[in-house]
Amino acid sequence: MQQVELDGLNKPVSRLVHGSTGLMGVEDSVAFPVLDAAVETGVNAFDTATVYAFDGYSMDAMLGRWIRERDARDEVVVIAKGAHPKVPESTAPRVTPTAVAEDIDLTRERMGVDHLDLWLFHRDDPAVDVGSLVEAVDSAIAQGSIRAWGVSNWSVARVRAAIDYAANNDRRPPVVNSAHYSVADQLDEPWDDVVTLTGDDHAADRSWHVDGDVKVLAWSPLAGGFLSERVSRDDLENEPAPPLADTARCYLNEQNWQRRERAAQVGRRMDLSLSQTALAWVFAADFRPMAIAGSVTPNEVRENVAAAGAQLTAADVSYINDGV
């Protein structure tokens with residue numbers, strides 16, 4: 001498994017990060033073998049968030065139980081997110097220094113750990129001064145609550161502003177920028193206030209990450225299931241119910257469908273599924289992103305790991321993108 005180094009962490013991080021939302025509400029007896037399979041195949045990074053919780057169940061707590069039962073705290077990288085609106089009660093922004101402290105402490109309490117390896121702002125609020133946010137996460141690092149920080153769904157302009165503030169004030173800069181990135185261009189936001197790096201409009205943003213110190217952590221590399229064989233064009237075009245209705249709204253157009261078809265062709269030649277090819281395409285990007293991919297069975301973990309290790313050529317990527 002390919003790994004990356006992130007400033008502030010004392011251990012390498014697998015480029016493939018195990019996503020948690022597919023295991024929401026699943027019994028430990030079912031979820032733990034999936035997490036075990038991830039570690040066994042070289043995945044050591046696990047994604048969670050304070051908002052991944054409902055009816056007394058939280059992914060933070062489940063992941064914490066698994067870590068304690070396996071005595072794995074030193075081996076795994078916990079990537080947690082916070083400062084998200086309190087859904088479903090409210091959509092009001094919570095991107096404040098107070099929310100940073102609250103959510104870091106809440107995740108640590110739920111998980112039963114003394115620190116989080118990497119903590120990300122789950123959303124942004126451009127109305128909030130970026131310096132106050134950098135100060136809040138830098139304080140958490142100084143206190144030992146987190147080791148490093150990053151952002152999710154921030155514009156590159158805001159990321160750069162955070163870096164500049166940190167450099168000018170001797171504070172720790174962000175090390176990760178988590179945004180949507182996939183074969184399929186995002187035509188509409190699946191959720192409010194999210195950020196994508198796909199498409200011609202974001203070419204400069206992608207280029208900025210090639211030589212920068214901020215690593216991209218791609219979310220939804222399968223575009224909400226659009227890049228899965230389990231979803232057909234008929235499924236998306238014939239008035240689908242949620243969540244497929246959102247998948248159709250956000251990703252279904254002729255250009256994306258043709259890219260999906262070409263990705264499937266490349267996959268058949270390489271003995272990869274469509275989903276595996278789409279994940280391999282993400283890892284082939286010149287800015288060497290990490291990617292979050294969920295699994296609900298040990299076999300799906302192994303399929304994702306195989307995809308992360310597949311090598312698409314520049315010609316493969318060009319064909320998938322443009323048909324040439």
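Modeller: Let us begin with a term: a residue is called buried when its relative accessible area is under 20%, exposed when it is over 50%, and partly exposed in between, with a 1.4 Å probe and protein chains only. This is a predicted model, in which local features need pLDDT of at least 70, side-chain atom pairs count only at pLDDT 80 or more, and totals for chains, interfaces and linings use all residues. Residues are numbered from 1 along each chain as its sequence is written, and side-chain values use heavy atoms, with hydrogens and water left out.

Biologist: Which residues of helix 11 are buried?

Modeller: Helices (H or I, at least four residues) and strands (E, at least two) are DSSP runs, numbered from the N terminus. In helix 11 the buried residues are Val301, Asn304, Val305, Ala307 and Ala308. Seen down the axis of helix 11, they fall within an arc of 160°, so they line one face of the helix; the arc is that of the directions from the helix axis to the C-beta atoms.

Biologist: What do the buried residues of helix 11 pack against?

Modeller: Contact means heavy atoms within 4.5 Å. The buried residues of helix 11 pack against strand 3 (16-19), helix 1 (28-40), helix 10 and strand 12 (290-294).

Biologist: Where are the buried and the exposed residues of helix 12?

Modeller: In helix 12 (residues 314-322), Asp316, Val317 and Ile320 are buried. Seen down the axis of helix 12, these buried residues fall within an arc of 95°, so they line one face of the helix. On the other side of helix 12, Ala314, Ala315 and Asp322 are exposed, while what covers its buried residues includes helix 9 (254-270) and helix 10 (274-283). Just after helix 12, glycine 323 takes a positive phi of about 80°.

Biologist: In what order do the strands close into a barrel?

Modeller: Two strands pair if DSSP finds at least two bridges between them. Here 8 strands close into a barrel in the order 3-4-7-8-9-10-11-12, with parallel pairing. As one case, strand 10 (residues 176-180) and strand 11 (residues 215-219) run parallel and are joined by 5 bridges, and asparagine 177 stands opposite valine 216 in strand 11.

Biologist: How many residues does the largest nonpolar core have?

Modeller: A nonpolar core is a set of buried Ala, Val, Leu, Ile, Met, Phe, Trp, Tyr and Cys residues joined through side-chain atoms within 4.5 Å. The largest has 88 residues, and those with the most contacts inside it are Leu116, Trp119, Phe121, Ile146, Trp149 and Phe226. Apart from it lies another core, of 18 residues, among them Val4, Val13, Val176 and Val194.
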